[in-house]
Amino acid sequence: MCSSDLSAFAAARDLYTFRQDVTFETLSPTTDLPDGSYHQVTDISFDDAGRRQEHVLFAPANTLQRVTLTAADLDDVAHRLPFILTLPELPGYALTYRGRQRVDQLDTYVFDCVPREILKDHRYFQGRVWLSQQDDQIVLIHGSAVPQDTRPGHENLSPPFTTYYQPIDGTYWFPIYTRADGTLHFPARKDALSQSVHVRTTVRYTHYQRFHATVTLHYGAEVPTTPPQN
């Protein structure tokens, strides 16, 4: 992937608003049906400095009981699940070429991507990346957010995920859907036995619209309890 492609892609993403629909679920060990859920629909935009801005459209009550969402989990949704390898981040990753592969109707180059170093209080993507042979853009990723913290009382675990991308406006491949599914194994603590929890996450990225902010948008504080209409 060349530097010009990375720079152009990072700049283009900050010119688009989009809607992010996130659902975290825990699944019952007896029925494999959801027994707790967190759901939030948010409109995402960026200011002139490229800073992410969020306007919550829909946020019913959080019914998760067997796991707790952390700030790291929400940061993963914003930055690791829709993995975009920007030019400033590139030196922090080692890419190993694994060959070519046909994905649907696309010819792709396949790379393993791992962080060169795990810095304290930083999270990274680790896994496999598929790049379109035509334009060197990411079209598919599969991996995990790292590091996974298994220290009792400090657990920060997340399941492996897959993110799919598609071209927007015929030019740039943006993330459109993420699915994560797996069992998290929490170690035993003094006040609790070890626990395994089957979790599932889905994220949909829709309503991409080209927009460059030159004014500040002001939203009301009310959060509706019914889903937004498409």
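Is Y165 buried or exposed in this predicted model? Y165 is buried, because its relative accessible area is 6%, where buried means under 20% relative accessible area, exposed over 50% and partly exposed in between, for a 1.4 Å probe and protein chains only. The model is a predicted one, in which local features need pLDDT of at least 70 and side-chain atom pairs count only at pLDDT 80 or more, while totals for chains, interfaces and linings use all residues. Residues are numbered from 1 along each chain as its sequence is written, and side-chain values use heavy atoms, with hydrogens and water left out.

The secondary structure of the chain comprises two helices and ten strands, taken as DSSP runs numbered from the N terminus (helices: H or I, at least four residues; strands: E, at least two). From the N terminus on, the order of elements is α-β-β-β-α-β-β-β-β-β-β-β. The chain has 230 residues, of which 41% count as buried. With contact defined as heavy atoms within 4.5 Å, residues 24 or more positions apart account for 52% of the contacts with a separation of 6 or more.

The average pLDDT of the chain is 84, and 83% of the residues score at least 70; pLDDT is the predictor's confidence in each residue, from 0 to 100. Over residues 214-227 the pLDDT is below 50, although this stretch has 13 contacts in the model beyond near neighbours in sequence. Where pLDDT is low, the predicted coordinates should not be read in detail.

Y165 belongs to strand 8, which covers residues 161-168. Apart from neighbours within four places in sequence, the contacts of Y165 include L81, P82, F83, I138, W173 and F174. A polar atom of the Y165 side chain lies 2.6 Å from the backbone oxygen of F83. Between Y165 and T178 there are 9.2 Å from C-alpha to C-alpha, at a sequence separation of 13 residues.

T178 is located in strand 9 (residues 172-186) and counts as buried, because its relative accessibility is 0%. The side chains of T178 and T163 form a polar contact at 2.7 Å, that is, a pair of N or O atoms within 3.5 Å; within protein, one must be able to donate a hydrogen and the other to accept it, and residues adjacent in sequence count only if both atoms are side-chain atoms. Leaving aside neighbours within four places, T178 also touches other residues, among them L81, F161, T201 and Y205.

D14 occupies the loop between helix 1 and strand 1 (16-27). This residue is partly exposed, because its relative accessible area is 25%. Not counting residues up to four places away in sequence, D14 is in contact with F46, G50 and F211.

Of its 20 lining residues, R13, H79, I84, T86 and E89 are the closest to the centre. A pocket is an open set of points on a 1 Å grid over the protein atoms alone, where a 1.4 Å probe fits, with protein on both sides within 12 Å along at least five of seven lines; lining residues have an atom within 4 Å of a point. Helix 2 (71-79) gives the most to this lining, with three residues.
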